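Hi everyone, thanks for coming.

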Amino acid sequence: MSGLMDRAFGSEADAAEVKDSTALLEQQAVMYQAMLAEHEATIRETQAVVRAREATVREREAVVREREAEISALRAGRDAPGRITPPSGGDLGDCIRAVLPQLDGWCTLRKALWLAELVSNMSGTRIGEIGVYGGKSLIPMALAARNRPGAMVYAIEPWSNSVAVEQATSAENDQWWREVDLYRIKLGFVSAIMDCGLTGMVKLIELPSDEARRAFHAMQGYRFDLLHVDGSHAEGQALADVKNWLPLVAPGGILVLDDIGWDSVMKARDYLRENCDVISEIVEENDVSYGAYRTRPVPALAAQPEAWAAALSEVLA
Ligand SMILES: C[S@@+](CC[C@H](N)C(=O)[O-])C[C@H]1O[C@@H](n2cnc3c(N)ncnc32)[C@H](O)[C@@H]1O
């Protein structure tokens, strides 16, 4: 009997235990389901975030592709500037007349022919230009010199917007120089030099004039036979270009100054009038003006001791 009771009580106890653990398991199942639902919600949220980010990435990739297409279109345009076609026959004047309208810049036909004549009539071979832009004034000079053995034309030009506005002129002028695509202008110039067969004689000095001058000073004794100054038209820089480069022009050589009628170039022109002999000063229509000035022979040392003392102290400083 007691054994039966024990078994009976034992099975009741087991049943209660089973019931408890079932209830516990049910509680845990509810809890896990709640956790699962929570995780599923988090996964759905994360998936939505991932989808949104994927859409953003696709949008940005489309923008990048668009920009890449724009850049390669620009590069293609820049790498292929319009070809210059010099005439196969004709004289120098015909060649300049044909080439000039195809070049970027400001040099008029009259000035281009005048520069070419100065070069044709000069005795030396060393030519330079400060402020080249698209070569509209340099290329006529180089064409005029190309049959002269040993002729060399230095193109001194930084093609830099920041250098172009380093010294202020007028607000409108400075704004134009801030925005012009000087890289495109430079490629046009280089391409024109190739098309005109001038690569052997034109040397690019891609520096602001002050830095280029230091390089030329270092070439002990180098002197230009003709130097065209057409860089910055700001008063200070125009005067500095004339003052600092004049000693680099050979005695009896020519310095050409552009825009001598501009107020900001007046001091530079006056300096040349005082220190050189005027060859000619030309005023065209539409505010175009330029002059050519011949450097004087250097007087003997005994004749100008003060100038020599000043020059010596500058060298020694
Ligand atoms: C008026 S444009 C030259 C025009 C060109 N000679 C022609 O006849 O078409 C002046 C040029 O001087 C350059 N320039 C400006 N500041 C300069 C500087 N400090 N040194 C050298 N070149 C400079 C500009 O980049 C610009 O191309």
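Let's start with A268, which touches A238, L239, V242 and L257, leaving out residues up to four places away in sequence. Touching, or contact, means that the C-beta atoms, placed from the backbone, lie within 7 Å.

Before I go on: this is a predicted model, where local features need pLDDT of at least 70, side-chain atom pairs count only at pLDDT 80 or more, and totals for chains, interfaces and linings use all residues. Residues are numbered from 1 along each chain as its sequence is written.

So where does A268 sit? You'll find A268 in helix α10, residues 266–275. Helices here are DSSP runs (H or I, at least four residues), numbered from the N terminus. Along the chain, A268 and L239 are 29 residues apart, yet their C-alpha atoms are separated by 4.3 Å.

Is A268 buried or exposed? A268 counts as buried because it has 26 C-beta neighbours inside 10 Å. The cut-offs, with C-beta atoms placed from the backbone, are 20 or more other C-beta atoms within 10 Å for buried, 12 or fewer for exposed, and partly exposed in between.

Now the core. In soluble globular proteins, nonpolar side chains tend to be buried together. The largest nonpolar core here has 57 residues, and M141, A142, V153, L255, V256 and L257 have the most contacts inside it. By nonpolar core I mean buried Ala, Val, Leu, Ile, Met, Phe, Trp, Tyr and Cys residues joined through C-beta atoms within 7 Å. Helix α4, residues 138–145, gives this core its largest share, 7 residues. As for A142, it touches V153, L198, M201 and V202, again not counting residues up to four places away in sequence.

Note on methods
Helices (H or I, at least four residues) and strands (E, at least two) are DSSP runs, numbered from the N terminus. Two residues are in contact if their C-beta atoms, placed from the backbone, lie within 7 Å.
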